Each structure stands twice: as structure tokens, then as C-alpha cells.
Amino acid sequence: MDSFAPSDNRVLREALTAQLLGRVADSLDITPTQFQRAKLAYETISDVVTSSADPRLATAKVFPQGSFAIGTVVRPLNDAESEFDVDLACRLAANTSLAPTMAKALVGAPLKADGRYADKIEEKTRCWRVNYAGEFHLDICPLVHATTSDAIPDKDLAMWILTHPEEYTKWFNERADQARTRLLLDSAVLKAEVAPFPEENAYKGWLRRIVQLLKRHRGTWGFRVGGWQAEFAPISIIITTLAAMSFEREFRSGRQFSNPYNLIQRVIAGMPAFIEQRIIAGRVEWWIQSPVAAENFANRWNQDQRWAIAFREWHTVALASVHELVSVTGLDGARPVLDSAFGASMAAKAINSYSQRVRTARDSGALRFAPAAGGLTVSSAVAGMPVTRHTFFGD
């Protein structure tokens, strides 16, 4: 196989690494067919809930949350893990004076009564799950208004937990794409409302790619190490939040990077800086503060220290994988590292896509090397011209 990154040229190795990681991230997106099926499921279930004869659902608002809302969905790790998540919220026109169990029952009742979902629905701790066998599952959770945010019912604790998924979506998307913010505004009309399902995110930017890469690395790491580490692998909201906070710090610093690799490794390396230890009632507790609500994403860490230990072990391996990838020579050296970090199928797709692109450009005489533009490029516009440095936050 062609080797495009001589071991004595770190700039070229960094450029190759960034391009390969970008191609891995793009390969992690679900297929257009999967996206359309998820969108149809969202629209159908939303209609069932908001069209209920129960007047307490007449002014509900249903909207996407989680990875679909912020563009970081990751396709399943392998055929055995065949499902991905679609997360929805249903905000009721109520406050925390409504019993958590009642709110949960309100949202679940119309789905249980519908013949299409009666045998597919199951109750989870904070939501109702509709299982689409062998494809994806859709989770819909009730929300009510709290004083300054929303609240979600916790079945095990029989209480309301403060959260704010809509504001979190806005917070993340503002950082992922400084030029565009998706706003999900409440309607002034008192009627049930279904927010549009997010469009397919063809232009992701590097923050979304980094989150996707880390979520996939978490999955392959857990599968590889097994045991209790797999059970306590970092949850997605923690990975997403820490990466976004680290990314924002780099963005606000005004620092420039010669290629996206330097941004990637600094964002990953900086994630632990946003994990706190606070003294609460004389007890040291782990805290990862939600940026939009009085919510501690690390609350499980205080119930079982293995969560904190597993995060530290996974993060060390994730950062080492990025460092190792830039130290190898060419695609032959990159393949085993990518295999270990992201899975053999994703590694093969990324390398084959990159190789084909380079070969086509080389054969046509269009291949150029411009380190500041990301390394190997097929753009003739940069040939013989100085290339300005780039922050790579949006590209």
C-alpha cells in the first residue's frame, strides 16, 4: 500500500492523521435510510402523543434531544450491536407539583393504547422506550417546568431531577457551529407542538467529529477490555460535555493550529480539566456541571467510584491512540492503530476512501501538498502560493 507520510516529516504525519480521523468520523454517521426511518418514527410517535384525547397532553411539546439534536449520532459498533438511539422529550404544561409517576403515565398511556406500539414499548428509569427490533430504539421522556429549567422524573428515586435538554442542544450547537445556532422556541399558541426533526448534518465541523470519534473509541475500548470497565464506560453526555468545554476553551484562546490534528489532541487532552471535586456536606463528590441546569452529570460517580476510574482509564487510552496514530509511518502503520481505536470496518473505510482520493488526484496531476491547508490536497488554488494558517474550528 502507498505510504504518504514519511516518518521524518511530522507536519505531513499530523496532516494525514487529521484527514484519516475526519474520514473515520464521517463514516460513523448512520445511513440516509436509517436517518429517514428514525425521522418517520419520531414524527409518528409524536403525533400519537400530541393527538391524545387526554386534555393534559393538548399543550405538550415534543422535540428531539441528545445526539440527533446535536448531530453526533454514531452508527452501531457491529452487527451484534444493531441498534442506535433516538432520544425525544415531551414537555408537559405542568410543573413539579405533578407527581413524577403521573407525568410518566401520561406520556406512556397513548403509546400503550396504540396497537402499533403496545408490544414494542417498555418502561425505563426516566423514559418510555419503543423498540424497533434490529434497527434502533426510540426513548421519549416527560418533562415539566421547574423554576429556571426543566425537570425529568426518576423512577428509582421517585423524584424530579433538574435538567434542560433544549438549552443543552442550543449550548452545544452554538459551540459546534459559531455561524449557525438551532433555536427550538416555544410556541405562543396553546396547542400541542412537534418540533422539526434535525436535518442530516452534512457539514459537521470538528467538534461534532471529535465527539463522534470519542464515542466510537469508548465503544471499542469497552468491547476490548470487557469486565467491569465495559459496564462503567463513560456515558455519552459526559464525553460530549467535556469535549465541548475543552473545545470552547481552545476557541476562546485565539490559538491557531497548523492543522486539525493539533486541535483534536488538545481538545481530548483538556477534557479532565472540567471535572471537579466538591465538598458537599463534608463529603468529597465528583462534579461535571451541566452548562445549562443545576445538574451534575457525574452523579453516578459518587454512588460507585468505578465510574471515575473507568473514565480515567478510557481517557488515557483515547489520548494515547491519537498520539500513537501520528507517530506511525503512512497508511500501513496507521491501519492497526485505527483498527484498535475505532474498529476494523471503520479503519478500512477511512483508509480506502483516503487512498482512492489521493490516487485519483495523483493520477490526474492535481495532487498538492499544503501543510497549513491540511496536508495533501487536490486544490490547484494553493499551488505555489503561501497558505494562511487556519483555526479549523468550523471546517
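User: Are phenylalanine 35 and phenylalanine 68 buried or exposed?

Analyst: This is a predicted model, in which local features need pLDDT of at least 70 and side-chain atom pairs count only at pLDDT 80 or more, while totals for chains, interfaces and linings use all residues. Residues are numbered from 1 along each chain as its sequence is written, and side-chain values use heavy atoms, with hydrogens and water left out. Relative accessible area, computed with a 1.4 Å probe on protein chains only, is called buried under 20%, exposed over 50% and partly exposed in between. By this rule, both phenylalanine 35 and phenylalanine 68 are buried.

User: Which kind of ring pair do phenylalanine 35 and phenylalanine 68 form?

Analyst: Rings of Phe, Tyr and Trp (its six-membered ring) pair if their centres lie within 6.5 Å; planes under 30 degrees apart are stacked, those over 60 edge-to-face, and the rest tilted. The count by this rule is 11 aromatic pairs. The centres of phenylalanine 35 and phenylalanine 68 are 6.2 Å apart and their planes stand at 40 degrees, so the pair is tilted.

User: Which residues do ring pairs link into a cluster?

Analyst: Both phenylalanine 35 and phenylalanine 68 belong to this cluster. Its members, linked by ring pairs, are Phe35, Phe68, Phe84, Tyr132 and Phe136.

User: How many residues of helix 6 are buried?

Analyst: Helix 6 (residues 205-225) has 21 residues and reaches 31 Å from its first C-alpha to its last. The expected span is 1.5 Å times one less than the number of residues, and the reach of helix 6 is close to the expected 30 Å. Helix 6 is largely enclosed by the rest of the structure, because the number of its 21 residues that are buried is 17.

User: At what angle do the axes of helix 5 and helix 6 cross?

Analyst: Contact means heavy atoms within 4.5 Å, and Phe172, Asn173, Arg175 and Ala176 in helix 5 meet Leu207, Arg208 and Val211 in helix 6. Axes are lines fitted to C-alpha atoms, for helices over the stretch in contact, and angles run from 0 to 180 degrees between N-to-C directions. The axes of helix 5 (residues 165-176) and helix 6 come within 7 Å and cross at roughly 115 degrees.

User: Which residue meets lysine 104 in a salt bridge?

Analyst: A salt bridge is a side-chain nitrogen of Lys or Arg within 4 Å of a carboxyl oxygen of Asp or Glu, and the count by this rule is 21. The N to O distance is 3.0 Å, and the partner is glutamate 123.

User: Which residues does serine 27 touch?

Analyst: Serine 27 lies in helix 1 (residues 10-27). Its relative accessible area is 16%, so serine 27 is buried. Not counting residues up to four places away in sequence, serine 27 touches Arg75, Met346 and Lys349.

Conventions: Helices (H or I, at least four residues) and strands (E, at least two) are DSSP runs, numbered from the N terminus.
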